[in-house]
Amino acid sequence: GGGGGAGEQWSEYESVVLRPALEALRVLLGPAKTLPTPPAQEGEYAERLGYEECSFQYRAVMLMQAAAQQEEAKEASDPQVCSALAYLEHILDTVENALKLNEASMFPAKPQLTLGDCTLAPTLGAALDLLKSKRYPQCQVYVDAVKASPQGQAAAAQVEAASKASATPAVSVESSGLQALLTAVWSEALKAAFPDAEDLGFPPVAHVTRCANPKFGDFQCNSPMALYKLLKDKGVSNAPANPREVAQALITALPAWSSALVAETSVAGAGFVNCRLQGDFLLQRVARVVVREGGPQPPHQAPRKMLVDFSSPNIAKEMHVGHLRSTIIGDTLCRVLDFLGHDVVRLNHVGDWGTQFGMLIAYLKEVKPEALTNPKSAAIGDLVQFYKQAKARFDEDDKFKTVSRAEVVKLQSGDEENYKAWQLLCEISRQEFDQIYSLLNIKINERGESFYNEFLPDVVNDLEEKGLAVKSEGATCVFLEGFKNRDGQAMPLIIRKTDGGFMYSTTDLAAIRHRVEEEKADRILYVTDVGQSSHFSQVFQVARRAGILPDSTELQHVPFGLVQGEDGKKFKTRSGDTVKLKDLLMEAVNIATADMEKRYADEGQEMGEAERLAAQVVGLGAVKYADLSMNRESDYRFSYKKMLSLTGNTAPYMLYAYVRVKGIQRKGAEAVGDFTGGDIVLQEESEINLARKLLRLPEVLAELESDLYPHKLCEYLFDVSQKFNKFYESCPVNTAETEELKRSRVALCEVTANVIKKGLSLLGIDTVDKL
């Protein structure tokens, strides 16, 4: 229906039936059930119906269906449930009497159904099914009549479609992070208090952040000021007079289920809303982490297919310090995404193809032909030297250059001898790479440039057919949008050289197509140095324009800065050579071992095998943590002294913090026995602060998943250790006043140890029980 009469009728339906029914049903379901906002509907009927206005009806029907499945609702043993059911009956009594009296205000007699009828009837029908009462014959007749009408059937179909489209809750109180929960709370309040805000262009998800100062609360909602400005700019009638009134409206509209989470709210400043979490809710969360096997669990979310391209060394070259950051950062991102429940593919896009192989094969045929047939005749170090000598010869000797190019052509043409030689060179390099990956505990699947060779011609042909690739000075290229040369002309991305050879950009486009079409990746990450940012921006642009990359797939370059020496210059050996990654790692292990040997010797003890393994954990962990604790986009100065320090935000400090916490917990557990079944008691400020910090792990990981900055996890873990120190200073564990308090504090130590261990594990760092 349309017109003012229909609008007035809808308003009365909403105030008399739908809103009260929704609040009653929330009590029936308790805080564990939340429902998503109805999805936008399409089609002629939906436009007439104004489906967004039916959100209360949709939610009420879904809530009733969920409540009908709950035993406590049927048994009505809980006083709150009894009260809610009684209120629902009161609503139906009101409608039943109105129908009997045929009140013109609510039920005008006319053949054309209104929006109100099409939304009220399904709600009443669900209520009748829930209560299973025959006291409401007029309601049943009315519901049946509306359902039988074309408009009623269309409305029911819309609700059914929305139900199927949103089968899973938008947020789970049980498994979501605290910030996600509070965001859901304020988003629902926003929708209830200002249902038209989204139509005006306001984001449906409330802007919720941590309070900068804990004394004001745990979280704050920052939406009121922006919403007030929008309402004012749009000239909305009866809009709140200021942001503080918007804030108060949001507080008033908080959903009933939020009472289990939110203890208190207050309007601050120009219109911020501060809120503090319920103490009982914190206790429940901490207790759940204690009893769960394996420590912290990931928040509930829909899994996605994630593909991470990282490490990517070159065949016939040793891995050097330049590969350190890509390998470590990429591995951490994979670990976090995997922990969060995503399907993660780890790819090593090794440089295993190109003109350098013709050059190397030609040189080895002259100086050491056995290296091309016997894998034991040359090590990776030999290949590096041969490569340097071949490169010098290539640059100086035109005849050798011609021979090298001929060898490349033979290799690319499938010559059996050259192909076997190439495979052997790859295998020698692969064995060396695997030693380093094993040392760092990195799991990665090799898929080199050569894998995409057969797809390259099709990529070029497709770009030409779509009119994107054109000839320019003999080369085939795509002219880019937004990239200009010095003359102000569009820059080209070359995809085939004048001699017919393909470029890295061609291989990258073929890889994107394969990862989208064959791997079905939803998000693809490229972890390389910041110097390749422009290249990836250009490749990503062409992939989008060519339709290789659908809008549903995310492509992200994850850039990182350089590793520098302590003098701020390029990190090199004393002789000026590039530092080999293996040498760098073993030096860290050697320093950690020597330090530990000295401390054992000072105590008159010797190190055993277990202690040497612990020293290796410290050394390798120090290298990883030093890298990951820095903003990845910044250059950082490599210092063994700083990274192996026992003070500050370092791996040794965090490993010792874990050993200390675990030691306190073990001693306490010996005294109290099973501590997992008792209540958690948080009475001191330092206990509460530690608990709040521990429960932030899901938020930190969600943020890391979004922005891909591992240093935020390092900062969080360091802060956890600091909060624990303050807790231990002011809250005796093993000498607590009561057994209940002792068990509670032992449990809090257990949660702290589990969080630190899980966090370090996500950074690729093992823990040890003794140092």
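The dialogue below moves from the whole chain to single residue pairs.

Me: What kind of model is this, and how are residues numbered?

Reply: It is a predicted model, in which local features need pLDDT of at least 70 and side-chain atom pairs count only at pLDDT 80 or more, while totals for chains, interfaces and linings use all residues. Residues are numbered from 1 along each chain as its sequence is written, and side-chain values use heavy atoms, with hydrogens and water left out.

Me: How many helices and strands does the protein chain have?

Reply: Helices (H or I, at least four residues) and strands (E, at least two) are DSSP runs, numbered from the N terminus. The protein chain has 28 helices and 14 strands.

Me: What share of the residues is buried?

Reply: Buried means under 20% relative accessible area, exposed over 50%, and partly exposed in between (1.4 Å probe, protein chains only). Of the 771 residues in the protein chain, 52% are buried. As for contacts (heavy atoms within 4.5 Å), 74% of those between residues at least 6 apart in sequence join residues at least 24 apart.

Me: How many salt bridges does a search of the whole structure find?

Reply: A salt bridge is a side-chain nitrogen of Lys or Arg within 4 Å of a carboxyl oxygen of Asp or Glu. The search finds 39 of them. One of these joins the side chains of Asp-627 and Arg-325, at 3.1 Å from N to O. This pair links distant parts of the chain, with Asp-627 in helix α22 (residues 609-628) and Arg-325 in helix α13 (residues 324-339), 302 residues apart.

Me: Are Asp-627 and Arg-325 buried or exposed?

Reply: Both Asp-627 and Arg-325 are buried; the relative accessible area of Arg-325 is 1%.

Me: Which residues does Arg-325 touch?

Reply: Leaving aside residues up to four places away in sequence, Arg-325 touches several residues, including Phe-560, Leu-562, Asp-627, Met-630 and Tyr-636.

Me: Why does the salt bridge between Glu-417 and Lys-365 tie together separate parts of the sequence?

Reply: The closest N and O atoms of Glu-417 and Lys-365 are 3.9 Å apart. Glu-417 lies in helix α17 (residues 416-440) and Lys-365 in helix α14 (residues 355-367), so the pair ties together parts that are 52 residues apart in sequence. Lys-365 is partly exposed, with a relative accessible area of 25%.

Me: Which strands does the salt bridge between Glu-554 and Arg-523 tie together?

Reply: The side chains of Glu-554 and Arg-523 meet at 3.8 Å, N to O. Because Glu-554 lies in strand β12 (residues 554-560) and Arg-523 in strand β11 (residues 523-529), the pair ties together parts 31 residues apart in sequence. Glu-554 is partly exposed at 31% relative accessibility, whereas Arg-523 is buried at 4%.

Me: Which residues do salt bridges that share partners join into one network?

Reply: Lys-365, Glu-407, Lys-410 and Glu-417 are joined in this way.

Me: What span should α17 have, and what do its ends show?

Reply: The expected span of a helix is 1.5 Å times one less than its number of residues. The 25 residues of α17 should therefore span 36 Å, which agrees with its end C-alpha atoms being 36 Å apart. At the start of α17, a side-chain oxygen of Asp-415 reaches to within 3.3 Å of the backbone nitrogen of Glu-417. Just after α17, Asn-441 takes a positive phi of about 60°.

Definitions and conventions. Polar contact = N/O pair within 3.5 Å; in protein donor to acceptor, adjacent residues only side chain to side chain.
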